[in-house]
Amino acid sequence: MTDEKPKKAIIRNDDEGLEVDDPPTTAAGIPAVLATADHARRQMGVFRGVKTLLRLNQAKGFDCPGCAWPDPAHRATAEFCENGAKAVADEATTDIVDPAFFEDHAISQLMEKSGRWLNAQGRLAQPMVRRPGADHYEPIRWQEAFELIADELNGLDSPDEAIFYTSGRTSNEAAFLYQLFVREFGTNNLPDCSNMCHESSGVGLSEVIGIGKGTVSLEDFEHTDAIFVIGQNPGTNHPRMMSALQRAARKGATIVSINPLAETGLTRFKNPQEIRGWVGKGTPLSDLHLPVRINGDVALLKGIIKEILASEEQRRGEVIDREFIDQKTSGFEEFADDIRRTDWEEITEASGICRDQIRQAAQIAMDADSMICCWAMGLTQHKNGVANIQQVVNLLLLGGHFGRPGAGACPVRGHSNVQGDRTMGIWDRPTDAFLDRLKSTFGFEPPREHGYDAVHAIKAMRDGQAKVFVAMGGNFLSASPDTNLTARALENCRLTVQISTKLNRSHLITGDMALILPCLGRTEIDRQAGGPQFVTVENSMGIVHPSRGGLEPLSEHLLSEPAIVAGMARAVLGDSSKVSWEELIADYDVIRELIEEVIPGFESFNIRVRKPGGFPLPNPVREGRFSTDTGKAKFTVHPIPRHELDDGEYLMMTIRSHDQFNTTVYTNDDRYRGIKDARRVVLLNPDDVAEAGLKQGDAVDLVSEYDGVERVAPNFRVVPYEMPRKSAGTYFPEANVLVPVDEYAHRSHTPASKSIVIRLRRRST
Ligand SMILES: Nc1nc2c(c(=O)[nH]1)N[C@H]1C(S)=C(S)[C@@H](COP(=O)(O)OP(=O)(O)OC[C@H]3O[C@@H](n4cnc5c(=O)[nH]c(N)nc54)[C@H](O)[C@@H]3O)O[C@H]1N2
Ligand SMILES: Nc1nc2c(c(=O)[nH]1)N[C@H]1C(S)=C(S)[C@@H](COP(=O)(O)OP(=O)(O)OC[C@H]3O[C@@H](n4cnc5c(=O)[nH]c(N)nc54)[C@H](O)[C@@H]3O)O[C@H]1N2
Ligand SMILES: [Mo]
């Protein structure tokens, strides 16, 4: 059976050629500075560009809309990276998408354009509506748009027929109001991008250490002996983390990278914030690179742990932290037994790493008095994503690496406020304690039944159980798994609403009726009745701080995200609402007072957030306490996942290029991997390429088959690349069409976007 063919190609590309060079040996340095300057100038012009970039990540400026890496206490004048600057330039562009644009371009014509082209048209400038059957968006007044949403939402049989998605750029204030509105309306259907991202980290960590967040601060990087970077590409996705790694390396820390690819930033790095970093050879960063097989991490970590336990047997009491294990953890014996029983052949076979290299990594861990493990999507986006995280925790627990300086777990978050959004209650599975506090603060009865996460939201829309879809930011169509199915799900809705800054495919694949509600971005001044407002965000290390835009809004029709939520809430809930929405919007300090009442850790929010650098949220693990059900951290046992690959089958990971931010593609190049002007490419081990009788540039279709359903991503070109055998690498979102909606992680429900079995089908040209 073949998956129903989409009526129109869902994802379009506009790459013109394919050139492949050797990947550069250093990251950042002069090319990064030039790339920054070039992007900023093209998008913003010289004056606006310099003015904007100088406010980026400064105490009185705005938070970078790029990643969630924290800011150092002593900030450089230029406290940003190449990719942060690109994200800013992309938002602060002076081009606009106005009603005339939509008059000129039918939706069916826009469907033919690439995602890159859509994004490059500029900022959405005015609310627009697509009426049923229409092929054009037309302008609509804000009030009319809110009333239209109210009609649809209030016409539903149950509030649970509506879904409210959030992408992680949304500020704390907007997120808090959004979940408040949604819960007063009556549902917990609050999926977010985190479901597709670090959900496995949140679930995994909560179960074994009692908090779903990381346990290190930026300062810990200055006091650590070893840093393991697992399944993460910081040179591209968290470039400012490179400075922290570089400082740690200079102070003698050993850095181990565990990744199927030898990602450029980790091999050598030139810090563009230092003059001497612009020239010269750069600092070698990773001392040991382990090219693990895709999804071979549990096996590899078990191998490292097995070596450590073997040494402990020879030198009892000297290798692992017995005192910590006895006092603060449970499950050690069972865990150690399982490791002893796991045989080396299985470990080396499943991880693809030889015993000698495993021994080296184990030695680094054993030599380290304090150690940090960092990770990102390479661990979370697998069926055993939760197990991956808990296996990392096992390694850290052995050495007692919690609750002391220079040590801990560091899930490196993606979107700049994805962590804050969850803290604010954007969650399909809220705790009763949180709902009780909402109830006592506002006096309405919040819904108790858990809602849909991202994959279950798709299924509910597909099955007609959900009929209205509202997105606070993001690009749900392109970010979700199973693109064709997600398209059908969205098209099944009566109304889809996108609160957005830039045009993307989610504006083209819609319900019967669709709204585009354009909002202010991070870079812009947010003026309300009470004067200019700032918002707050929480970074990857739990620090809450303000973000204040400085640019004049690009269009007079833009509203802030909080104002849009308030507009919807007033129209939908009417006079019966327990919340005085207008008052909240006039002065965001009032929103913050309510956050303080509902969410623990925000005491004196308005005062503390105005102090330089903001304030940290409480983190019991940092203080040596594990708030699990037993009060102890837990060792856990996890089987090594098996992927039986037939001849011609490969395990595929979908990854980011150097020139994209999630579904926003800036150019078709991937400079750090030496790939130019091509995104529909499949990276394969050179021996696999030869064995398949293929060569660089050959055109193939990628095929995945699950439960008898064949999914096809047509017309990819082959790129031989240094990586483990039987692995394949493609870019997100081009390959999302191959990820079945039902392939997701146990317990966290994160789509398994990094372990999809594919075959290649040669195209006859
Ligand atoms: N410039 C830029 N910055 C970004 C983003 C962006 O798109 N562009 N996105 C933001 C977001 S939302 C996020 S979540 C983060 C994402 O940051 P990353 O997690 O670094 O992003 P990915 O490209 O998905 O890469 C994952 C890395 O994991 C490796 N990998 C894949 N499978 C495995 C595996 O099985 N085991 C191991 N050990 N490694 C594996 C890949 O080779 C790759 O290096 O970045 C954030 N920052
Ligand atoms: N196959 C595969 N799929 C993946 C991943 C993968 O690695 N592989 N990664 C997953 C991950 S980690 C994530 S986080 C998700 C990302 O999923 P999303 O967060 O849904 O996607 P983005 O591409 O970040 O969303 C970009 C859009 O957000 C809007 N936007 C930008 N800034 C703002 C703002 O300030 N306010 C508002 N309201 N809108 C704004 C713009 O219109 C822009 O087009 O994708 C996931 N999907
Ligand atoms: Mo993410």
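Two strands count as a pair here if DSSP finds at least two bridges between them. With that in hand, strands β17 (residues 495-500) and β18 (residues 513-518) are a pair to start with: they run parallel, and 6 bridges join them. Keep in mind that this is a predicted model. The tour starts with a sheet and then moves to two ligands.

**The sheet**

- β17 and β18 belong to an open sheet of 6 strands, and its order reads β6-β5-β18-β17-β16-β7.
- The pairing in this sheet is mixed.
- At the edges sit β6 (138-139) and β7 (162-166), each of which pairs on one side only.
- Helix α8 (residues 172-185) packs on the sheet, where it touches β7 and β16 (468-472). The direction of α8 makes about 170° with that of β7.
- For a detail to find in the model, look at S500, which stands opposite P518 in β18.

**Ligand 1**

- Around ligand 1 there are 32 residues, and the ones that come nearest are N259, E263, N295, D297 and N662.
- D297 uses its side chain instead, with an N or O atom 2.7 Å from a nitrogen atom of the ligand.
- How much of ligand 1 does the protein cover? On its own the ligand has 910 Å² of accessible area, and the protein covers 99% of that.
- Which elements give two or more residues to this shell? They are α10 (234-237), α19 (377-380), β25 (649-655) and β26 (660-661).
- T236 also has a polar backbone atom 3.2 Å from a nitrogen atom of ligand 1.

**Ligand 2**

- Ligand 2 has 28 residues around it, and Y165, A479, E561, T663 and N736 are the closest.
- Its shell divides into 9 nonpolar, 14 polar and 5 charged residues.
- Two side chains to look for are those of H415 and R656. An N or O atom in the H415 side chain is 2.8 Å from an oxygen atom of ligand 2, and for the R656 side chain the distance to an oxygen atom of the ligand is 3.1 Å.
- N475 comes in through its backbone, with an N or O atom 2.9 Å from an oxygen atom of ligand 2.
- Taken alone, ligand 2 exposes 930 Å², and the protein buries 96% of that.

Note on methods
Residues are numbered from 1 along each chain as its sequence is written. Chains are lettered from A and ligands numbered from 1 in the order in which they are written. This is a predicted model: local features need pLDDT of at least 70, side-chain atom pairs count only at pLDDT 80 or more; totals for chains, interfaces and linings use all residues. Side-chain values use heavy atoms; hydrogens and water are left out. Helices (H or I, at least four residues) and strands (E, at least two) are DSSP runs, numbered from the N terminus. Contact means heavy atoms within 4.5 Å. Axes are lines fitted to C-alpha atoms, for helices over the stretch in contact, and angles run from 0 to 180 degrees between N-to-C directions. A residue is near a molecule or strand if one of its heavy atoms lies within 4 Å of it. A polar contact is a pair of N or O atoms within 3.5 Å; within protein, one must be able to donate a hydrogen and the other to accept it, and residues adjacent in sequence count only if both atoms are side-chain atoms. Accessible areas come from the Shrake-Rupley method with a 1.4 Å probe; for residues, only the protein chains shown count as cover. Ala, Val, Leu, Ile, Met, Phe, Trp, Tyr, Cys and Pro count as nonpolar, Asp, Glu, Lys and Arg as charged, and the others, Gly among them, as polar.
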